[in-house]
Amino acid sequence: MALLVVSVVAVGVGAFGPIYLHSTDQAILDSALAGAAPGNAGLTLQPAGSTGSLSRIQKAARRVLESGGRHRWFATPISTEEVGVGTVAAGQGYASGLVARSGVCGQLDMVAGSCTATTGTVVMSDRSARALDLGVGQQVRLTAGRSPTTAPLVLVVSGLYAPNASDPYWWGINYFGFGRGSLSTPELDDMFTPFSTLRPLASSSPVSSMVQVPLAAGSLTVGTVAAFQSALAASTRTALDHYGVQITSQVSALLSAAAGNERTSTSVILVVDLELFLLGVFVVYFVASRTATERAPDVRLALLRGFRPRSTVSVALAEPLAVVVAAVPVALAATWLATWASAGALFGTGVGASLTLLSVGAAVAGGVVGMAAASLGSRQMISTSDVDVAGSSSARARTTRLVAESAVLAVALAAFVELALAGVQGSSAATRTDPLSALAPGLLALALGIVGARLLPWVLRATYGMTTRSASVVWTLATRRVARRNEFAAQVVLVAMATGLAVFALAGWSINTRNRTDLGAFAVGASRVLTVSVRPGVNFLPAVRAADGGGRSAMAVVVENASDGTTLAVDASRMGSVMSWPPGLGGGGSRAVAGRLVPSGLAPAVEVSGSAVRLDVTTVVDAQPPAQLTVDLFDNDYMVPEQVQLGSLTAGASVYEGSLLGLCPGGCRLVDLALSWYPPAGVPEQSEPVRLEVASMAEQSAAGWVPVAAGLGRSRRWTISAGEGQLHSSDGALAGDLTVDASGAPVEVAPRDVPSELPAVVTPTVATLDSQGYGQPLAIAGLDTGTVSARQVGEVPALPRVGSAADMVDLQTAEDFLSGPFVDATTEVWLSAQAPSDIVVELQRRGVTVTGVDSVTGRLRASAHGGVELAYGLFLVAAVAAGAMAVGATGFAVAVGARRRRAELAAMRAMGIPVTTLRRSLEAEQVLCAGTALVLGVAAGSLSAVVALKTVPEAVPAGPGPPLELGLPVALLVALVAVLVAGLWLTVWVGSRLVMVGASVDKLGGSGT
């Protein structure tokens, strides 16, 4: 029965790998498609040229639907027509889109009225209706194409909806752009109308048409991917050639990414499955050999009674071989049923377990290998009996065993060298796992177990002198028995293998779990990241700080996506407490990096607000015509530059005033005071000196003129940012000896509140663009897509969330370099785990609306059924299984030898040796074997983990990131060893007592009659 059980386990492990791998591949495919951005897991059909009718696109879409034949790969297509429109309300112009989209009425969250299919009706968002002062039943006049010369389109508002851009129905397209646009023409949310309303506009307005074909959920399987890709390629050609329709899709890229993930998971699964299979085969050998040892007396008796040796051996081998053969179908069925029953929990909804040809072949191959192991175990033990069963001498049997063990050691050494040099994927990392390298951890444990099993008797014989005259009968008996009996060698090898695999597998699982969490946090950037839209007129950075209530758990972030790289602008004051910065990333940690991003020694910014600005200026000037004095400002709320003309300079002391009405409703930052000179045409180029003394600056508020804190009495707070001249202080005033020239180029006197170079932490990709070396200026993308001169203050392999082709700057400092609003930028709020629960509400109150959420917990939850995660989950299963095998093998060894030992122990009891002494000698035998095996197994598993795990694929992010943390989980491994020791000791303790119960003196002499 024991041989049948272990044979089922060994063969089942062989079959389980392909079954598990096939289900994992399907889970990877499903996860790649389900986790894709809306619209990526589908096809978009549009005219190949500038125009094209919706009917032709729909015909092409029908051909796509038919391309699958019996496979229903696609769901119901979504047709869309759209035209840009404009409208006017209360003298204010607005822009929007008029959209007809199939099925839209079933997707809109109506808050008033209804969505109808009646021609001439329209539904708009409730906030757009409020901006236009419209309600249900009223008319809206729209100019199609946003041209004032086009005849207006008058539509009746049939209903109002609440925007919900997150629904997958919208395919990631933002039809709800309320608040965007410009100050002169803000945008409204798109308005929705039936197709019949838009159809008459097609001849006179640029109506864009498209059809989106989503993939049907769960329609693609691992076995149909190739057919799908072939059909998709054919459909793409047909649509273009016959209908003039272009098909764009990210499905092929998703399938390629899934295939790469499948290769990665295959490498991981094969590593642990091969190790388990190797262990299972040796368990079969161990059970067969121990069983044969107990049957050796029966075989010798049969020979003494005249049975032929060959027939005796055949009969002895027939039983274990028959057991292994019978185990194959049982193992295959049991493995499939177990995997099928747990498929939902393991792989997620919709993924089952399939008996593939590979799994059947693996089961048959496992049976063949199991038969060989059972034959070897049985024959070896029979051939070592006192009677020559197989016609070979004991010397020849020892020679054969020595050759076999030498071969195992050689193969183990070769596998380990291959592993150390080439990794688990050998020289074909892109396609398959190297079996020899993958088996190296198990082979190493096997080799060390063999060495330990052969050295242990030598070591114990060396102790004979110490124990011969010792009063300790326990160790005298234990050392001699272990040294003289061959069956203990197989036990040492098996427990060493099981312990080694348990250590290796648990280390792999723990390291992957740790790295997956760290890399997930690095990929997100923080514990949680909110993608937000900022209402025009809201200063993003102060709004986020205010929403945080004075804490440091929310960080304003702007990601500028330029063509030549990405600029990550962060609120450096919050970076240390919010941003994910793994220790291996470098830079001294996030707080140290944040300190380097903020320049020091700068003057405070000069803020100007109110309705007017006034300067008291004394001038000495001879230039004719007079030079012009202007004040350049930047509105941080609306991110636009403003200029205030103060007029012509006149000699002597004068007061210059300029209006700020409509320019800076929330205040502006003073950029500079500028002097420009424009002499009449024909005047030769010349320059003129101008002496300028600015005594004071004030702004007009409701309370009158209020001084502006500009630090005019401290010339070091000011600089000449353009032109020629020198600055100094004069009786509390800012004095400048400037030179204006006939080119008209201004001389600019600016506060020293902006560094000449923007401090930046860069990645190697960006650093290579700096040909002048570390610390020298380099050009990076500003937040308005302009080029900014930057100074490298650090280098890291990658930056959180944005990857390797990026640089990081302080947001507040970067805003000082703005010449206009953000362009191609994404505004985000990064949150720490301690962020207040009402942060979203507080952001909304301040004009910052959340449009998307990304979090570490969400990513980990979404990837729970990912390929690498499923593969490393098998590592944990292997660790538990290997530990159970180590304990079970020890229990089996104690139990199977009980019959022979009882008579021996009973005789010793009759000679007066105490029961306690005999029981302890049994325990000491197992301590010697199991203790040696544990030490060897822990050494083999730890060494294998150090060498192998760095080449076993981990949860690597999409691009370069922080280095993987591959340090052994010492505390967890100590706990594993403690559990193994406890389990082994409990098994030995119980087994020794059961053996002694049956070893009573009255058993001597056989049973009475």
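This is a predicted model: local features need pLDDT of at least 70, side-chain atom pairs count only at pLDDT 80 or more; totals for chains, interfaces and linings use all residues.
The structure holds 17 aromatic pairs. Tyrosine 161 and phenylalanine 192 form an edge-to-face pair, with a centre-to-centre distance of 5.7 Å and an angle of 65° between the planes.

## A pair within helix α22

The ring centres of tyrosine 872 and phenylalanine 875 lie 4.9 Å apart; the pair is tilted because the planes meet at 40°, a value between the limits of 30 and 60 degrees. Both residues lie in helix α22 (residues 867-896), and their spacing of three residues means that about one helical turn separates them. Tyrosine 872 and phenylalanine 875 are both buried.

## Ring cluster and charged contacts

Which residues do ring pairs link into a cluster? The members are Tyr161, Tyr169, Trp170, Tyr175, Phe176 and Phe192, and the edge-to-face pair of tyrosine 161 and phenylalanine 192 joins two of these residues.

Tyrosine 169, a member of the cluster, also has a charged neighbour: the charged end of arginine 101 sits over its ring, 4.7 Å from the ring centre. A further contact of this kind involves arginine 614, whose charged end sits over the ring of tryptophan 705 at 4.4 Å from the centre.

Methods. Residues are numbered from 1 along each chain as its sequence is written. Side-chain values use heavy atoms; hydrogens and water are left out. Rings of Phe, Tyr and Trp (its six-membered ring) pair if their centres lie within 6.5 Å; planes under 30 degrees apart count as stacked, over 60 as edge-to-face and the rest as tilted. Helices (H or I, at least four residues) and strands (E, at least two) are DSSP runs, numbered from the N terminus. Buried means under 20% relative accessible area, exposed over 50%, partly exposed in between (1.4 Å probe, protein chains only). A charge sits over a ring if NZ of Lys or CZ of Arg is within 6 Å of the ring centre and within 35 degrees of the ring normal.
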